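Student: Hi! I'm new to this one and would like to talk it through with you. Could you show it to me?

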Amino acid sequence: MSERLKAIFIDFERTYRNLIEATNNAKTDLEIDGAIKRFELCYELAWKIIKEYLANLGIICKNPRDCFKYAYQNGLINDENVWLEMIGVRNQLVHTYTSEQSREVFEKMRSKYIEAFENLYISIKKGVNDVEY
């Protein structure tokens, strides 16, 4: 595994675990808002680790949409549509942020985004253990 991939994986793993903890424990508005910020960070690291992982396979992608498509084609993620949906949600959070929208995002995090991150985590972890770089 390249040092860069290893460093991104360590950051992604930590962020993913923090997201799970925040999502499981969030009860107040402040805690929910904090969990959403952790989602944003996890999303950013997810597409960056996909980008780096694919680059190590010789596949170049330059934006999240392309990275998610290639990740799906290469078995790193199992539901491309969820990841493409996350692009829109992430962009929505950056440009408009209302309490109603944040609660909708929080529920999506709990119902499907955590699972998507988990599947990516398992795929990347398995991949970096199976392949020597």
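This is a predicted model: local features need pLDDT of at least 70, side-chain atom pairs count only at pLDDT 80 or more; totals for chains, interfaces and linings use all residues.

Student: How much accessible surface does the protein chain have, and what part of it belongs to carbon and sulfur atoms?
Tutor: The accessible surface is about 7300 Å², and carbon and sulfur atoms account for 48% of it. Such areas come from the Shrake-Rupley method with a 1.4 Å probe; for residues, only the protein chains shown count as cover.

Student: OK, which elements does the protein chain have?
Tutor: There are five helices and zero strands, so counted as DSSP runs numbered from the N terminus (helices: H or I, at least four residues; strands: E, at least two). From the N terminus on, the order is α-α-α-α-α.

Student: And why does the radius of gyration agree with a compact globule?
Tutor: Because a compact globule of 133 residues would have a radius of gyration near 14 Å, and the protein chain has 15 Å. The radius is taken over C-alpha atoms, and the globule rule is 2.2 Å times the number of residues to the power 0.38. Along its principal axes, the C-alpha trace spans about 45 × 25 × 20 Å.

Student: How many of the residues count as buried?
Tutor: Of the 133 residues, 44% do. Buried means under 20% relative accessible area, exposed means over 50%, and partly exposed is in between (1.4 Å probe, protein chains only).

Student: Switching topic: how many disulfides are there in the whole structure?
Tutor: A search finds one, and a disulfide here is a pair of cysteine sulfur atoms within 2.5 Å. Cys61 is joined to Cys67, S to S 2.2 Å. The link of Cys61 and Cys67 is right-handed, with 90° about the S-S bond.

Student: Are those two cysteines buried or exposed?
Tutor: Cys61 is buried at 3% relative accessible area, and Cys67 is buried at 0%.

Student: Which residues does Phe12 contact, leaving aside neighbours within four places in sequence?
Tutor: Cys42 is one of them, and the others include Leu45, Ile49, Phe117 and Tyr121. Contact means heavy atoms within 4.5 Å. Phe12 is found in helix 1 (residues 3–25) and counts as buried, at 0% relative accessibility. Its C-alpha atom is 8.7 Å from that of Leu41, 29 residues apart along the chain.

Student: And where is Leu54 found?
Tutor: In helix 2, residues 29–56. Leu54 is buried at 0% relative accessible area. Leu54 and Asn24 are 30 residues apart in sequence and 31 Å apart in space, C-alpha to C-alpha.

Student: Last one: is Glu80 buried or exposed?
Tutor: Buried, at 18% relative accessibility. Glu80 is in helix 4 (residues 80–95), and its contacts, leaving aside neighbours within four places in sequence, are Phe68, Lys69 and Tyr72.

Note on methods:
Residues are numbered from 1 along each chain as its sequence is written. Side-chain values use heavy atoms; hydrogens and water are left out.
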